[in-house]
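Here are my notes on this one, as promised. Have the model open beside you and click along as you read.

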Amino acid sequence: MKVYDPQIHGTPKLILDNQSDQVLTEAFGFYSNEGLSFVGKKNKDKRKKLTGKVRAKLDDIKDDAKDGLKKVGKIVAKAAVAVPRVSFLGLLRLNFRGFATKIYYATPEGKTKFNKFWEKIGGSISSLNEALQAGYDKKPKACGKKCRLKASESKESSLTTIEKVQFMYPTGLEEAAALLTSASPIIGAASAIVLALKPTKEGEKAVKEVDEDLKKEDAAAKAEDATMTKEEKKQAEVVIKQDEANADPIKEIENNPDIKPDEKKEAVEDLKKSLKSTSSEDSFFKKPIFWIVIGVVAIGGFILYKKRSQSSI
């Protein structure tokens with residue numbers, strides 16, 4: 001969907017991992033406090049014009065395409081997780097919880113599975129690979145409650161100043177905490193896939209080392225959290241809940257006046273499907289072998305019960 005107009009949009013800025021989502025995010029004002037181009041009263045008219053162009057394009061899609069409404073829903077849904085996506089890429093560049101190492105060294109089947117998920121939520125595979133290349137050989141980072149609290153108090157790490165996220169070159173733990181908040185809408189679904197990945201033979205050593213380093217990082221974060229006062233713990237819990245609520249893409253869609261009610265419904269449904277944890281799809285409980293085992297155990301138990309009942313008569 002090409003709706004970019006230099007006269008309206010001004011100088012392009014690399015904010016997201018693809019231009020289409022950048023345009024939609026700015027037109028609809030998604031995450032408008034995140035330092036995007038059209039923040040402030042002086043840019044209100046520019047955003048209004050761009051929104052009009054986008055609105056007309058979405059209406060054309062709905063009118064012309066057989067499944068136009070569904071297509072519009074998918075477009076809106078992908079734009080709504082554009083900022084969480086780029087924040088997740090920032091986490092990969094930091095090798096947060098060793099995610100980059102685990103994806104980088106995953107088997108071809110595992111990589112394909114993660115790539116499919118990434119494309120489903122609108123992500124660029126080339127941007128994903130760049131982030132993996134930047135982070136896979138770094139020591140893993142972990143961030144506890146105190147780390148998250150520090151980030152919320154730091155103006156420098158706040159996502160309202162998005163330049164470091166924009167160009168996807170974060171450097172430290174406080175940025176990891178800020179990125180973690182912004183990426184929270186997709187973390188659950190992404191981590192469910194990452195934690196189930198198996199490394200190639202060549203990657204086993206690297207993944208094992210990352211897991212060992214991560215245990216040390218988790219222990220350090222736990223020790224730091226243990227120094228928090230009761231008041232700090234309460235404050236951290238409130239901050240984390242508020243930050244994650246502010247990063248909720250479903251609320252961004254539902255509260256947006258520029259998106260029509262039928263489009264909101266389709267977008268929310270598509271988003272929920274895309275972000276549904278895939279761990280349940282591969283669950284042992286859903287495999288036929290599970291029910292065969294249950295059947296054998298049940299029959300065996302019933303036969304044993306009958307034999308005992310007969311012997312006791």
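1. Let's begin with Arg 148: buried or exposed? Its relative accessibility is 11%, so Arg 148 counts as buried; buried means under 20% relative accessible area, exposed means over 50%, and partly exposed lies in between, with a 1.4 Å probe and protein chains only. You'll find Arg 148 in helix H9 (residues 145-153). Helices here are DSSP runs of H or I with at least four residues, strands are runs of E with at least two, and both are numbered from the N terminus.

2. What does Arg 148 touch, not counting residues up to four places away in sequence? The list is Cys 143, Ala 177, Leu 180, Thr 181, Ile 240 and Glu 244. Contact means heavy atoms within 4.5 Å.

3. A word on where this comes from. This is a predicted model, in which local features need pLDDT of at least 70 and side-chain atom pairs count only at pLDDT 80 or more, while totals for chains, interfaces and linings use all residues. Residues are numbered from 1 along each chain as its sequence is written, and side-chain values use heavy atoms, with hydrogens and water left out.

4. Ile 240, one of the contacts of Arg 148, is also one of the buried residues of H13, together with Ala 236 and Val 239. Looking down the axis of H13, these buried residues fall within an arc of 100°, so they line one face of the helix; the arc is that of the directions from the helix axis to the C-beta atoms. Turned away from that buried side is a face with the exposed residues Lys 230, Glu 231, Lys 234, Lys 241 and Asn 246. The expected span is 1.5 Å times one less than the number of residues.

5. Cys 143, another contact of Arg 148, is 78 residues from Ala 221 in sequence, but their C-alpha atoms are 6.2 Å apart in space. Ala 221 sits in helix H12 (residues 204-226) and counts as buried because its relative accessibility is 11%.

6. Now try H3 (residues 44-64), whose 21 residues reach 30 Å from first C-alpha to last, close to the 30 Å expected. Which residues of H3 are buried? They are Leu 50, Thr 51, Val 54, Arg 55, Leu 58 and Ile 61. These residues cover an arc of only 145° around the axis, which puts them on the same side of H3. The face turned away from the buried side has Asp 45, Lys 48, Lys 49, Asp 63 and Asp 64 as exposed residues.

7. Take a closer look at Thr 51, which has a relative accessible area of 9% and is therefore buried. Leaving aside neighbours within four places in sequence, Thr 51 is in contact with Ala 27 and Asp 258.

8. Finally, zoom out to the whole chain. How many helices and strands are there? The chain has 16 helices and zero strands. Of its 313 residues, 45% are buried. Among contacts between residues at least 6 apart in sequence, 76% join residues at least 24 apart.
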